[in-house]
Every structure is written in structure tokens, then in C-alpha cells.
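Here is a friendly walk through one protein model, going from charged pairs to the core and the surface. Keep the sequence and the 3D view open as you read.

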Amino acid sequence: AEAACAEATDGSGDLSALLQLTASLGPASAAVGSSHAAVVAPAAAAVPSAARGSDGGAVVAGSGSAVEQPGTGTRQAPVESSTSSFDEEVEEIAKTSVLPLLAIMMNAFLASGLISKYTSLIPESFCVMAVALVLGFVIRYRMGADSYPNYTECGFIWFDSELINFFLWPSVIFAGGWRCSTPHVLGQLPTIVLFSIMGSLMTAFVIARTSMLFHELGLHSFGGWRENFALGAVLSATEPMAAMATFTKVNLERDRPWLVALIFGESAVNTGIAILYLGVLNNMDEQPQAKILAQEMVVKFIGSMCFGCVCGLALSGPMVMAKFKGEASSEVFYIIFIPYLLYSVANEMFLSGTIACLFAGMVIRLICSAYFSESGFRTTGGFLESWAGFAGALIFVLCGASVAFIRMEHFGFCLMGLSLCVITRALVVTVCGATSNLVRICSNAREKEIISWKDMTVMSLSGTRGGITLLMAFWIDPRWCGQEAKTRIVTAAFFVVCVLLLAFGGLIGPCLRHLHMVSRQEMSKSFKFEHG
């Protein structure tokens with residue numbers, strides 16, 4: 001060090017090498033460094049500005065961000081990543097994210113298949129999520145995840161959330177829009193909008209205000225208005241995947257296609273509204289006026305719907321001009337990638353990717369049905385259904401496994417959330433159904449177009465919560481609500497999803513039978529249980 005100082009002083013040495021040597025010696029060079037401080041300081045001042053940090057500290061030549069050395073005022077540039085360090089990062093990702101995910105997926109699907117082989121009363125989605133939760137606990141302790149201060153620092157949670165948001169959810173919504181019968185959806189569009197917008201806002205408001213009232217009564221400590229309205233937004237998103245699976249088994253789409261279109265359309269639009277609502281809560285700085293909030297959500301809803309329809313028409317144009325028939329795999333792959341593009345662009349425009357993908361799927365299906373061959377249209381629809389089914393099941397797997405990394409506490413708070421979900425669902429279906437019937441009676445609608453109490457019962461049971469509810473809970477920004485509040489919301493969301501899937505999802509089939517909405521022969525062919 002003394003020789004290097006001498007060479008740097010008379011200009012024959014390399015100052016960068018001197019600084020690197022001093023930093024590497026660390027405490028061992030403290031005595032030497034103090035004796036030559038007067039020598040090094042003028043030399044360091046001569047370093048070009050390009051080799052100095054933003055705060056004036058000297059920087060060693062090299063690539064990458066400079067790292068300041070404690071106690072020296074100097075910065076040392078990190079060495080470029082070598083092949084070995086890159087391989088170590090790849091191995092770490094495979095160990096902490098990919099391998100646990102694959103293990104959970106395979107075993108969850110295997111166990112769910114075995115369970116559904118012996119009973120159909122338990123929804124398959126519940127079986128998948130329950131098995132994934134158990135395996136998630138195994139992976140958690142194998143990874144030593146309890147050493148994390150909070151679950152958001154676990155790469156497994158982040159990996160799952162991003163995978164669901166950008167890779168799985170768009171295809172589920174797009175395939176739902178494709179599956180819906182466009183004439184029936186358009187015929188029920190006013191009722192769908194009424195149930196989704198009015199129902200979503202009513203559910204969120206009732207849950208939030210009731211939770212705040214319970215806080216004032218001293219029943220829990222969750223008292224912030226923003227946190228409670230975030231809870232209401234998360235629990236207001238319905239997902240009738242278990243109900244739709246039952247409808248398919250009993251062929252309800254043949255007997256009551258308008259009811260199936262109403263339930264799915266209401267759920268898809270309701271989820272989009274809830275996501276918009278949660279996005280506004282995540283990005284706001286202060287409590288907004290209810291009028292401004294409602295206006296912003298209506299504008300975003302209409303904008304998302306128009307964006308999805310316009311993009312659906314625009315992206316269908318190349319298929320029509322190229323005279324696609326839907327028989328080549330490349331033609332099907334083109335359609336498969338449409339929801340991912342729409343979802344990403346809509347989010348960049350601060351619109352709802354969920355609503356955009358739903359209406360784009362309806363528009364593209366309508367165009368493909370006119371220009372595709374019969375076999376090509378059937379092949380495309382079958383591939384979309386298979387891909388969406390896999391994505392939907394994988395969402396339950398990932399959400400169940402992710403919840404295993406969360407501390408399961410606040411049982412009383414979870415019961416409150418469950419009770420409010422059941423009560424508000426019955427309230428929303430009754431109020432919106434009565435309003436819709438009143439409008440239809442005034443417009444001289446036919447008797448079969450009136451929503452009966454049997455239809456309302458099925459709609460109430462179809463208001464289960466699913467993977468998107470958990471995903472929205474993970475989307476809450478802990479910077480404004482705090483980590484403890486977010487953990488409580490995620491825990492309540494998981495509890496509500498599990499109980500409603502098991503209770504309501506298992507009751508839909510017997511309810512359809514006892515209300516004589518499907519024949520006994522159809523139920524006997526579809527379900528593996530005997531009655532009486």
C-alpha cells in the first residue's frame with residue numbers, strides 16, 4: 001500500500017489499482033491509510049468525473065453499479081456476473097419456485113382425480129386447492145420459509161402471482177367469452193350489467209361498512225376505511241367455476257341457456273368491476289368522493305368493453321383476409337395469443353383486461369363462426385376449452401399452495417367475512433332480481449323471461465369465490481395498508497373461498513334436482529350417488 005501511494009503521488013502508478021487494493025485490504029489497511037490520507041486525497045480529487053460516484057466518492061473502473069465501501073468513502077464496481085454465478089441463480093430459481101410448483105401440480109391433480117372418482121359432491125376445484133395447500137405446507141418447511149419476516153419476501157409467492165396474472169387468467173376469461181352463447185348474452189346484457197355493477201358495489205359497500213361497525217363495537221382491530229373497502233372489493237368478486245362444471249354435467253345449457261349466460265356473464269363483469277375498484281384503492285392518495293369513484297369506474301367499464309370489442313374486430317380482420325378456416329394449428333395459436341395481448345395492453349391503458357378479454361372472446365367467436373369451417377370452429381373451441389380448463393385448475397393449485405406460506409390467524413375475522421359474503425349474495429340476488437323482473441314486466445316480457453325464485457336460488461349458490469379472489473388479495477399493496485392488514489385479508493379470502501366452494505359448490509347439484517330444474521335421469525347419469 002505504501003509503494004502504491006508513492007507511485008500514485010508521483011504519477012507513475014494507477015490510482016484505480018490503488019483504490020481497489022485499499023478497499024480489498026479493508027480494516028488491515030486502516031493504519032496505513034490514515035498515515036497516507038493527505039497523499040491519497042489530492043490524488044483522488046484528480047480522478048475524472050466519469051470515474052466518480054454521484055455523491056463525489058471515487059469509483060473503480062469497471063461495469064455495473066458502484067458499491068460504496070463502508071468507512072472509506074470509496075466505491076468499488078462489482079465484477080461482471082460469471083457463468084458460474086448465473087448457473088447458481090438458475091439453480092436457485094429451480095429449487096425455490098419451479099420444482100416445488102411442478103411437484104404440487106402433479107400431486108394435486110393426481111389426488112383430485114382419485115377423490116372425484118368416488119364422489120361428485122365435493123367440487124373438483126376444492127379438491128385441487130386443498131391438496132395443493134397440504135403440499136404447500138410440506139414445501140414451506142422444506143424451503144425454510146418460516147425464516148422470512150413476511151410471506152411477500154418468498155419468491156414462490158411472487159412467482160405464483162405473476163404466473164396467474166399474465167399467463168393463466170386472460171385465457172380463462174377469453175375462453176369464457178368464447179363459450180358464452182352470444183345471442184343469449186346480448187339478450188341478458190342489461191340484466192348482466194345490473195347484477196354485476198350494482199351487485200359488486202353493493203357487496204363491497206355492505207362488507208366494508210359492516211366491518212367498520214364491528215370495529216367500532218370492539219369486535220376486531222381492522223378499522224381503517226381504505227383497508228375495509230379493499231376487503232369488500234376482494235370478497236365481492238364471484239367465480240362460478242364449480243357451478244359451471246355442474247351445469248355442464250347436467251346439460252343445463254340445453255334447458256336454460258339464458259340462466260347459464262346470465263350467471264357467467266354476471267360473474268365475469270363483476271370480477272372486472274371488483275378489479276377496477278381495487279385498482280382505484282391501490283392508487284389513490286386520499287379518500288375520494290363516492291360520486292367521483294362511481295364515475296371513474298363507469299368510464300373504465302365502458303372503455304374496457306369498447307376496447308375489447310374494437311380489438312376483437314381488428315384482430316379478426318387478418319384471419320378473414322387470410323381466409324383462415326381454423327383447421328391449421330398456427331391458426332388456432334393465433335387466437336390463443338390474442339387474450340394475452342389484449343390483457344397486457346388494457347392494463348397499460350389503465351383499463352380492465354378482464355372485461356376486455358371477455359367481450360373480445362364473444363366478438364371473435366361470432367366472426368369465427370361465420371368464416372371458419374365447421375370442423376375448424378369445433379377444433380378451435382375444443383382447444384380453447386382445454387387450455388382454459390387447465391389454466392383454471394392451475395389457478396386453484398397455485399393459490400392453495402401460496403396460502404400455505406401465510407400465517408393462518410384471525411379465525412373470528414374470517415367467520416365475519418364468510419357471513420357477510422353469504423348475506424350480501426342473497427341480498428344482491430333478491431334486490432337485483434326483483435328490479436330486473438319489474439323492468440321486464442313493465443316491458444311486457446314473456447313469463448319464461450322472468451327470473452323465478454328457483455333461478456334466484458341457483459344464482460345465490462353460484463356466487464362462490466375462487467382463485468381470482470385470492471389473487472386480488474395478493475394484489476393489495478402493503479405500502480399503504482401494512483403487512484399485517486394484508487395478511488388478514490388474504491387469510492379471510494382463503495377461508496371464504498374454501499368454505500363456499502365446499503358448501504355451495506356441493507349443493508348446486510342436489511339443488512337442481514330437488515327444484516326439478518333437471519330430470520332425475522340426467523342427474524343419475526351425471527353424478528355418482530343414489531337418492532332415497
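This is a predicted model: local features need pLDDT of at least 70, side-chain atom pairs count only at pLDDT 80 or more; totals for chains, interfaces and linings use all residues.

## Arg479 and its partner

Arg479 is exposed, with a relative accessible area of 75%; here buried means under 20% relative accessible area, exposed over 50%, and partly exposed in between, with a 1.4 Å probe and protein chains only. Its side chain meets that of Asp477 in a salt bridge of 2.7 Å, N to O. The term stands for a side-chain nitrogen of Lys or Arg within 4 Å of a carboxyl oxygen of Asp or Glu.

Residues are numbered from 1 along each chain as its sequence is written, and side-chain values use heavy atoms, with hydrogens and water left out.

## Other salt bridges

Side chains of opposite charge can pair when their charged atoms come close. By the salt-bridge rule, the count comes to four. One of them joins Glu266 and Arg425, whose closest N and O atoms are 3.0 Å apart. Glu266 lies in helix 13 and Arg425 in helix 18 (residues 411–442), so this pair ties together parts that are 159 residues apart in sequence. Helices (H or I, at least four residues) and strands (E, at least two) are DSSP runs, numbered from the N terminus.

How far apart are the closest N and O atoms of Glu374 and Arg378? They are 3.7 Å apart, in a salt bridge. Being four residues apart in helix 17 (residues 374–403), the two are separated by about one helical turn. Glu374 is exposed at 64% relative accessible area, and Arg378 is exposed too, at 53%.

## Around Glu266

Is Glu266 buried or exposed? Glu266 is buried, with a relative accessible area of 2%, and Arg425 also counts as buried, at 6%. Glu266 sits in helix 13, which spans residues 257–283. Setting aside residues up to four places away in sequence, Glu266 touches Ile192, Phe195, Ser196, Thr238 and Arg425; contact means heavy atoms within 4.5 Å.

## The nonpolar core

The largest nonpolar core has 135 residues, and those with the most contacts inside it are Val234, Phe247 and Leu512. Such a core is a set of buried Ala, Val, Leu, Ile, Met, Phe, Trp, Tyr and Cys residues joined through side-chain atoms within 4.5 Å. Beyond residues up to four places away in sequence, Val234 touches Leu278, Thr469, Met472, Ala473, Ile476, Ile489 and Ala493. Phe247 belongs to helix 11 (residues 241–250), where Ala242, Ala243, Met244, Thr246 and Val250 are buried along with Phe247. Just after helix 11, Asn251 takes a positive phi of about 60 degrees.

Thr469, one of the residues touched by Val234, is placed in helix 20 (residues 467–475). Thr469 counts as buried, at 0% relative accessibility. Its contacts, not counting residues up to four places away in sequence, are Val234, Leu235, Ala237, Ala493 and Val497.

## Surface and loops

On the surface, Val98, Leu99 and Leu102 form a nonpolar patch with about 250 Å² of accessible area together. Patches are made of residues with over 30% relative accessible area and no salt bridge; like charges are joined within 9 Å, and nonpolar side chains (Val, Leu, Ile, Met, Phe, Trp, Tyr) within 5 Å. Accessible areas come from the Shrake-Rupley method with a 1.4 Å probe, and for residues only the protein chains shown count as cover. Val98, found in helix 5 (residues 83–118), is partly exposed at 32%.

Two loop residues are also worth a look. Lys323 lies between helix 14 (290–321) and helix 15 (329–348), and has a positive phi of about 55 degrees although it is not a glycine. Lys323 counts as exposed, at 66% relative accessibility. Phe350, in the loop between helix 15 and helix 16 (353–371), has a positive phi of about 60 degrees, again without being a glycine. At 61% relative accessibility, Phe350 counts as exposed.

## The whole chain

The chain has 23 helices and two strands. Of its 532 residues, 50% count as buried. Among the contacts with a separation of 6 or more, 79% come from residues 24 or more positions apart. The chain exposes about 24,900 Å², with carbon and sulfur atoms supplying 64% of it.
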